[in-house]
Amino acid sequence: GVSAAAALAATPATKADAATTPARSKDDPFTLGIASGDPTPSGVVLWTRLAPKPFEPNGGMPPGHPVVEWRLATDAGMRNVVRDGSAHAPAQLGHSVHVEVEGLEPDSEYFYEFKFRNHWSPVGRTKTLPAPGADVRQLDFAFASCQKWDDGFFPSYSHMAAENLDFVVHLGDYVYEYEIGADGGLRRTPVPAAAQPAPQTLEQWRARYALYKSDPDLQAAHARFPFIVTWDDHEVQNDYAGGWEGQTQAFTAVRAAAYMAYYEHQPLRARSLPQGTDMQLYRRLRYGRLAQLDVLDGRQYRDAPPCGWGEAQACEAAYDPAISMLGPEQEQWLYAGLRDSDVRWNILGNNVMVSRLDHDGAAGELLWHDAWDGFPAARQRLLDVIAGPAVRNAVFVTGD
């Protein structure tokens, strides 16, 4: 069956064979680490971002489109290289690199590294998915969400890095958009001035991601497993509804900058490159005949909650069938994929709570409308599909 590794215990970091940590020089361009993501049976995305001085404009990189070399091997010592190449790190993408490697063997472990000028990155480990018809018996994954840097350290990631996982699913709130004090909040770690303000511009969002990406435990988990990511609200603004028509021009500009920074800092494919405030993030991965993972985007297309924002009383308006959490196109994509699924487990990577959350005792009419409670008609449509005869073993993993 499926085992979701709940990465909650605070255990000491262990030196994973892949996540090597050589002594870094002062002009090291790989200060934000390396990552892989969105695996398929034949490929994976490799990510890094050149940022020798991550809290300076452009990460301390000169203008231009420098070339980064990469290579992928079957061994952690990088002796049996099976794929290699070079990729541009364009200035307009924050000097980030997204390499889509193809031609790999299914259900196989690989190791990778980058080189820029005379600097080598640490070595990362990644893994492809099993072939679509493979009769696999076990999937081990962890999921994470809500990592507010100034509220504490990330020991869950050092715990994950000591596990033998197939991948990690991140369900949103990878960063938080609030102002951070110079003292680093509960971390008591000095915060560079560039990373302190609530981000409004692309440069400020880049500094915010750089602060989070500098965490060694987060870097270790990224270097050891492919990540499959989606977002929630704090990647833009608390409780926002992407389809809400009342957005100001200023907010739209913040949202576009936030979307771009998210892409720049995640191991996503080129199909997810944002066009303004439009970014393709929902997608489907198949783990042999064992599992299907539907990665949902519950933020970009949602309508404004009709009964009020945040905590509010239930109301009839929420039962309007026109109101959607996922948007009509994503809804139909999801339902069709669930009905057509022939796997044993159908996993839905979902950013906010599906179950009803009673905030006020027996009557239960005071609800949290930023979750599916604010969209009960949309939730019922989804549950009707899941309860249908065609869908086996639906499991929600949820963030927030």
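The legends below describe close-up views of a predicted model.

**View A. Strand 11 and its parallel neighbours.** Strand 11 spans residues 167-170, and both of its faces are covered. Phe-167 and Val-169 lie on one side, Val-168 and His-170 on the other, and all are buried. Strand 10 (residues 139-144) runs parallel to strand 11 and is joined to it by four bridges. Within this pairing, Phe-141 has Phe-167 of strand 11 as its bridge partner. Between strand 10 and strand 11 the chain passes through helix 1, in a right-handed β-α-β crossover. Strand 12 also runs parallel to strand 11, with three bridges between them. Here Val-168 is bridged to Phe-227 of strand 12.

**View B. Helix 3 and its packing partners.** Helix 3 covers residues 216-224, and its buried residues are Asp-217, Leu-218, Ala-221, His-222, Ala-223 and Arg-224. These buried residues pack against several elements, including helix 1 (155-161), helix 2 (202-213) and strand 12 (226-229). Strand 2 (34-37), strand 7 (109-116) and strand 9 (124-127) are also among the elements they pack against. At the start of the helix, a side-chain oxygen of Asp-215 comes to within 2.9 Å of the backbone nitrogen of Asp-217.

**View C. The disulfide of Cys-307 and Cys-315**. One disulfide is found in a search of the whole structure. The sulfur atoms of Cys-307 and Cys-315 are 1.9 Å apart. The link is left-handed, with -90 degrees about the S-S bond. Cys-307 has a relative accessibility of 15% and so counts as buried. Cys-315, at 25% relative accessible area, is partly exposed.

How values were computed. Residues numbered from 1 in each chain as written. Predicted model: local features only at pLDDT ≥ 70, side-chain atom pairs only at ≥ 80, totals over all residues. Heavy atoms only, no water. Buried < 20%, exposed > 50% of the residue type's maximum accessible area, 1.4 Å probe, protein only. Helix = DSSP H or I, 4+ residues; strand = E, 2+ residues; numbered from the N terminus. Contact = heavy atoms within 4.5 Å. Polar contact = N/O pair within 3.5 Å; in protein donor to acceptor, adjacent residues only side chain to side chain. Disulfide = S-S within 2.5 Å. Pairing = 2+ DSSP bridges. Right-handed = clockwise from strand over helix to strand, strands pointing away.
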